[in-house]
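Subject: Structure handover

Hi,

Here is the structure I promised to pass on to you.

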Amino acid sequence: MSGKTISLIFMLYSIFGLLLYETRVLTDIDELTAFAFGLLVFIKTFTHKISFSKAFFLWILIDVFYLIYSFSLHLNEPIAVFSDFIMQSKPYMMFFALVALKPQLSRNEMIILRIFLILMLMSVLLIAYLYPHKDDSTHIGELLTGAALSSVSMIFAAAYYIFSQNDSWITRLITIIIALPGFLHPTSKFVGQLIFMIFVMFFIKKKISFNIRYILMFTAILAIVSYAIWDDFKFYFLTDSMVNARPIMYIQMPSVLVDYAPFGSGFATYASFASGTWYSPLYSKYNMEYIWGLREGEADFVADAYYPCLAQFGFVGIVLFIWLIVYVVRKSRKLYDKTLNLKQYKGSLIAVAIILIECTTASFSNERSIMHMILLYFAITPMRKDKRITQLDSFGLSFAKSIKKKVKTNENTTDK
């Protein structure tokens, strides 16, 4: 896949999959995008246009295994299992498809994407002006209301940093400016992501190693983030934890893991959107059907966080999720050892942190997960090594150099 193609897809998805998503014109754009990339890998692999990707096809085998396993348990309707399979598979499908297709961006494509992201900043501000809301709820038909505004702002900010060629103060400043609209609806996860991003950009000077200096630095940043999100943490996990949906999903998660070891309860059974739409019998089994937000027909908060959803995939699924994070971190460290590109290494830390923090909510399995995976891929992928292009070339005026050369040749001939 060419850099131009993935750049175009990134820009189109930013508009229709993020900015305009709540118009609900293209509600399936995330699933369609992810599975279109997966289909493209199959086509290109079996027509020998790309090499066989062990990572992609190993993940496909694991995903299909869990689908068959979920059907065999008969804990929920087949349509519920398949629906959840599609929803839970899309972020991983997107990432491993990109790993297989190996798109790389050129210097000019990264410049165009950064200009586009500045335009997106202006669009976000315009939308915030048109749809002013003080609550964190997302309203269908109204763009970027509530928590969606801060999440999208952080995605665009991280993208600008990852698509930058240098780590100058200007780059860092613009990155922070792009994130600032998120303060119009500052969720705890946004505050945590922004603090971590600023910390990485300004205080990481080399590859992280486990020594006293970094342990103290991360302890300090953890303390700052904890202070910033304490009110939300107290509300969700300390105040009436046994009658609120989000903490009860964490509390009952070990029981599900043990009862359905080692592969979990399967798709559409626990802490997923499909398990609430097609009401899972596990909520009655674990006496959760009377919890506000988890009642049958009113399960509005059943998919309020992604981590409890890992109970569907058991201890094995948790190990696989950790393996993915380790895989990305190792790739980023190897790339740094090869290129000594500190900015890209820091970009990979930011991308991983954003995803891990997003998993505290349902964002990892919604439409924004596609963008998270695109950023994660490019954070561990080097820029294409093209011949450096001058300003004249980038504006399509390379012919000017040939004219200048001809004029110089004619002058030399005349002198002779």
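Which residues does F56 touch, not counting residues up to four places away in sequence? They are G38, V41, F42, M93, F96, A97 and A100, where contact means heavy atoms within 4.5 Å.

Before the rest, two notes on how to read this. The model is predicted, so local features need pLDDT of at least 70 and side-chain atom pairs count only at pLDDT 80 or more, while totals for chains, interfaces and linings use all residues. Residues are numbered from 1 along each chain as its sequence is written, and side-chain values use heavy atoms, with hydrogens and water left out.

**Overall picture**

The chain has 17 helices and zero strands; these are DSSP runs numbered from the N terminus, with helices being H or I of at least four residues and strands E of at least two. Of its 416 residues, 50% are buried (buried is under 20% relative accessible area, exposed over 50%, partly exposed in between, with a 1.4 Å probe and protein chains only). Among contacts with a separation of 6 or more, 74% join residues 24 or more positions apart. The accessible surface is about 20,800 Å², and carbon and sulfur atoms hold 67% of that (Shrake-Rupley method, 1.4 Å probe; for residues, only the protein chains shown count as cover).

**Pocket and cavities**

On a 1 Å grid over the protein atoms alone, a cavity is a set of points where a 1.4 Å probe fits but cannot get out, a pocket is an open set with protein on both sides within 12 Å along at least five of seven lines, and lining residues have an atom within 4 Å of a point. Grid points are joined across faces, edges and corners, and a volume is the space filled by probe spheres set on the points.

The second largest pocket holds about 420 Å³. Its lining has 21 residues, with N341, Q344, T381, P382 and M383 nearest the centre. Two or more of the lining residues come from each of α5 (107-130), α13 (314-339) and α14 (342-358), and α13 gives the largest share, four.

There are two cavities of 30 Å³ or more in the whole structure. The largest has about 50 Å³, and α1 (3-19) gives the most to its lining, with three residues.

Most residues other than glycine have a negative phi, and most peptide bonds are trans. The bond from A261 to P262 is cis, with omega near 0°, and P262 sits in the loop between α10 (245-259) and α11 (273-277). N287, not a glycine, has a positive phi of about 55°; this residue is in the loop between α12 (282-285) and α13 and is exposed at 59% relative accessibility. L340 is not a glycine either and has a positive phi of about 60°. L340 lies in the loop between α13 and α14 and counts as exposed, at 60%.

Best wishes
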